Each structure stands twice: as C-alpha cells, then as structure tokens.
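Let us go through this fold by question and answer. The sequence and model come first.

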Amino acid sequence: MEDEKCNEVKDKKQEVIDGYTLKYHANGKTVWSKGKMIGEKPEGYWEWYRTDGTIKRSGYFKKGDPVGEWVTYDSKGEKYKTTNRG
C-alpha cells in the first residue's frame, strides 16, 4: 500500500491545452511545467514553475534531448543563470 502512495506522488496531474502539455505540482493546482510533446518526448520550448507560479527554468528540446540555451531564474523570476546545452 505504501508503494502505491509513492507512485501517486511521482505521477503528476497533466492535461493538454491547445497542443501544450501542462503538468501540475503535487497540489494539483499550480502548473509545474508547460511545453509540447511529440509522442512521449518533449519538443521545442518548455518552462518549469515554482508552486508560487514564478518561472524556475526554461529551455529547448529536440527529440527529447535538451539543446541550446537553458535559463534558470531566481525566486523572483529574474534571469539567474544561462547554460548552453550544445
């Protein structure tokens, strides 16, 4: 029974709106990530958010692999760090 609870925490609520897959934090209300999927893989521009709604990270995927510029944001949503993922 406890194993089932662990799986529930890992499985985030998600929905697809206008072609974008939205995954939610464990609270089921605030968006955790947003981007497009092709099959089972992320594709194109994605964003991740904190539970308070501020942006945490953004970047691009190509066939499921991170590519190009990835940005990490501070707790106020301001650009903190940029990394190039080849």
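Q: Which residue in the turn between strand 4 and strand 5 has a positive phi?
A: This is a predicted model, where local features need pLDDT of at least 70, side-chain atom pairs count only at pLDDT 80 or more, and totals for chains, interfaces and linings use all residues. Residues are numbered from 1 along each chain as its sequence is written, and side-chain values use heavy atoms, with hydrogens and water left out. Strand 4 and strand 5 make a hairpin with five residues between them. At a phi of about 95 degrees, the turn residue is Gly53.

Q: How many bridges join strand 4 to strand 5?
A: Strands here are DSSP runs of E, at least two residues long, and helices are runs of H or I of at least four, numbered from the N terminus. Two strands pair if DSSP finds at least two bridges between them. Strand 4 covers residues 41-49 and strand 5 covers residues 55-62, running antiparallel. The number of bridges joining them is six.

Q: Which residue of strand 5 is the bridge partner of Trp48?
A: Tyr45 has Tyr60 as its bridge partner in strand 5. In strand 5, the partner of Trp48 is Arg57.

Q: Which residue in the turn of the strand 3 and strand 4 hairpin has a positive phi?
A: Strand 3 (residues 31-38) pairs with strand 4 in the antiparallel sense over five bridges. Two residues lie between these strands. With a phi of about 65 degrees, the residue in the turn is Gly39.

Q: Which residue takes a positive phi in the hairpin of strand 2 and strand 3?
A: Strand 2 (residues 20-24) and strand 3 are antiparallel, with four bridges. Thr21 stands opposite Gly35 of strand 3. Six residues separate the strands, and the one with a phi near 75 degrees is Gly28.

Q: In what order do the seven strands form the sheet?
A: The elements run α-β-β-β-β-β-β-β from the N terminus. The strands build an open sheet with antiparallel pairing, in the order 1-2-3-4-5-6-7. Its edges, each pairing on one side only, are strand 1 (14-17) and strand 7 (79-84).

Q: Which residues form the aromatic cluster?
A: Rings of Phe, Tyr and Trp (its six-membered ring) pair if their centres lie within 6.5 Å; planes under 30 degrees apart count as stacked, over 60 as edge-to-face and the rest as tilted. The structure holds six aromatic pairs. The members of one cluster are Trp46, Trp48, Phe61 and Trp70.

Q: Over which ring does the charged end of Arg85 sit?
A: A charge sits over a ring if NZ of Lys or CZ of Arg is within 6 Å of the ring centre and within 35 degrees of the ring normal. Lys36 places its charged end over Tyr20, 4.9 Å from the ring centre. For Arg85, at 6.0 Å from the centre, the ring is that of Trp70.

Q: What share of the residues counts as buried?
A: Buried means under 20% relative accessible area, exposed over 50%, partly exposed in between (1.4 Å probe, protein chains only). The protein has 86 residues. The buried share is 23%.
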